[in-house]
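Please read the following note beside the sequence and the model.

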Amino acid sequence: MTWLRALFAGGLSIFLPGAGHALIRDWLRALVFAGLYFSAIWFFFPIDQMVDAASFSEGMDIANTQTDTMAQFFIMFIALFAAIDATFRAVGFPPNGSDSSDGPSCPQCGKELDQDLTFCHWCTTRLEPIEPEDDELPADAEDSEQETPPRP
């Protein structure tokens, strides 16, 4: 399922940079890539001439003839970079977890866990309950493990 989601996020980002990041809930990157893409279109494309066009195909012909090759390359580079970034982030590279957290982390996504839940609230992975080890038993539990005299 992770690979399917990653491919879908990358495909969405080709058509609309930022949409793939929105799919994987990386909202800040989604806004940055969408803003960068639409700013580049506004800056490089002849928007006024395209709006005045009689049909969509005529508007695309105007955009193709009035836009130089370097501007088209720049816009396609933004879309390609957004697609690659969304694909890698959906797969989990680089890991999103931080090693500086004090609590436990999710084995699937690496983010910090809420100890009251039985699943990761980031990626919805079910978690096994954590059982205390023998070395870390509370003081009153150690007392109950001591031998008790047999009852008559």
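1. Helices are DSSP runs of H or I with at least four residues, and strands are runs of E with at least two, numbered from the N terminus. The model is predicted, so local features need pLDDT of at least 70 and side-chain atom pairs 80 or more, while totals for chains, interfaces and linings use all residues. Residues are numbered from 1 along each chain as its sequence is written, and side-chain values use heavy atoms, without hydrogens and water.

2. A nonpolar patch on the surface consists of Ile14, Phe15, Leu16, Phe38, Leu80, Ile84, Phe88 and Phe93, with about 850 Å² of accessible area together. At least two of its residues come from each of α1 (2-15) and α6 (69-91); α6 gives the most, with three. Ile14 belongs to helix α1 and is partly exposed because its relative accessibility is 43% (buried means under 20%, exposed over 50%, partly exposed in between, with a 1.4 Å probe and protein chains only).

3. The whole structure holds six aromatic pairs (rings of Phe, Tyr and Trp, the last by its six-membered ring, with centres within 6.5 Å; planes under 30 degrees apart are stacked, over 60 edge-to-face, the rest tilted). Phe33 and Phe81 form a tilted pair, 5.7 Å centre to centre with 55° between the planes. This pair joins helix α3 (residues 27-44) to helix α6 across 48 residues. Phe33 is buried at 6% relative accessible area, whereas Phe81 is partly exposed at 45%.

4. Phe77 and Phe81 are stacked, because their ring centres are 6.2 Å apart and their planes meet at 15°. Both lie in helix α6, four residues apart, about one turn of the helix. One aromatic cluster comprises Phe33, Phe73, Phe77 and Phe81.

Conventions
Patches are made of residues with over 30% relative accessible area and no salt bridge: like charges are joined within 9 Å, nonpolar side chains (Val, Leu, Ile, Met, Phe, Trp, Tyr) within 5 Å. Accessible areas come from the Shrake-Rupley method with a 1.4 Å probe; for residues, only the protein chains shown count as cover. A salt bridge is a side-chain nitrogen of Lys or Arg within 4 Å of a carboxyl oxygen of Asp or Glu.
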